[in-house]
Amino acid sequence: MLRVGVAVALVVSAVVHVQLAPGYQQAAPGGIGQGALFLVQAGAAALAAVFVLFKGSRTAFAAAAVVALSSLAAVILYRYVQVPAIGPLPSMYEPVWYTAKNITAIAEAAAGAMAVAGYTLLQKHRLGSGTAARGWRRGASAV
């Protein structure tokens, strides 16, 4: 169930970014613009969603967490801090919240939190099964 939740939240983020990309690319029609970066983010989110949905491993949850939380960090950073253009990357300062931005921020926060929870649960399960297996071997060797 956690895998499905992470995947759905990442797909929501990807879909909204794809929908917004053309409008944001108008500022840099021939180069690296915010729209192009939105498409890269959407692709990363879609790939992470598929990875976590079909694999469900700690690596998949970690990848989903990195994609979701880095996207969330970017939306928050560019909402509150006027970061200048860095090399080919444009300045993406946008000091407003609007519906689509709210939806992506919520989806990214949810995906990130669920991915971290999935990773943590699998880590605990792995550690727990390793301890049980060592205890079982010790007991078996004593017999």
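Thr104 counts as buried, because its relative accessibility is 4% (buried: under 20% relative accessible area; exposed: over 50%; partly exposed: in between; 1.4 Å probe, protein chains only). The structure is a predicted model, in which local features need pLDDT of at least 70, side-chain atom pairs count only at pLDDT 80 or more, and totals for chains, interfaces and linings use all residues. Residues are numbered from 1 along each chain as its sequence is written, and side-chain values use heavy atoms, with hydrogens and water left out.

Thr104 lies in helix α4 (helices are DSSP runs of H or I with at least four residues, strands are runs of E with at least two, and both are numbered from the N terminus). A polar atom of the Thr104 side chain lies 2.9 Å from the backbone oxygen of Lys101. Apart from neighbours within four places in sequence, Thr104 is in contact with Ser13, Val16 and His17 (contact: heavy atoms within 4.5 Å). Ser71 is 33 residues away along the chain, and its C-alpha atom is separated from that of Thr104 by 8.8 Å.

His17 and Ser71 also belong to the lining of the largest pocket. This pocket has a volume of about 410 Å³. On a 1 Å grid over the protein atoms alone, a pocket is an open set of points with protein on both sides within 12 Å along at least five of seven lines, and lining residues have an atom within 4 Å of a point. Grid points are joined across faces, edges and corners, and the volume is the space filled by probe spheres set on them. The lining has 21 residues, of which His17, Phe38, Ser71, Ala74 and Val75 lie nearest the pocket centre. Two or more residues each come from α1 (2-25), α2 (34-54), α3 (58-80) and α4 (99-142). Helix α3 gives the most, with seven residues. By class, 11 lining residues are nonpolar, six polar and four charged.

Gln41 is found in helix α2. Its relative accessibility is 13%, so Gln41 counts as buried. The Gln41 side chain makes a polar contact with the His17 side chain at 3.0 Å. Beyond neighbours within four places in sequence, Gln41 is in contact with Ser13, Ala14, His17, Ser71 and Glu108.

The structure holds one salt bridge (a side-chain nitrogen of Lys or Arg within 4 Å of a carboxyl oxygen of Asp or Glu). Lys101 forms this bridge with Glu94, and the closest N and O atoms are 3.4 Å apart. Both Lys101 and Glu94 are buried.

How values were computed:
On a 1 Å grid over the protein atoms alone, a cavity is a set of points where a 1.4 Å probe fits but cannot get out, and a pocket is an open set with protein on both sides within 12 Å along at least five of seven lines; lining residues have an atom within 4 Å of a point. Ala, Val, Leu, Ile, Met, Phe, Trp, Tyr, Cys and Pro count as nonpolar, Asp, Glu, Lys and Arg as charged, and the others, Gly among them, as polar. A polar contact is a pair of N or O atoms within 3.5 Å; within protein, one must be able to donate a hydrogen and the other to accept it, and residues adjacent in sequence count only if both atoms are side-chain atoms.
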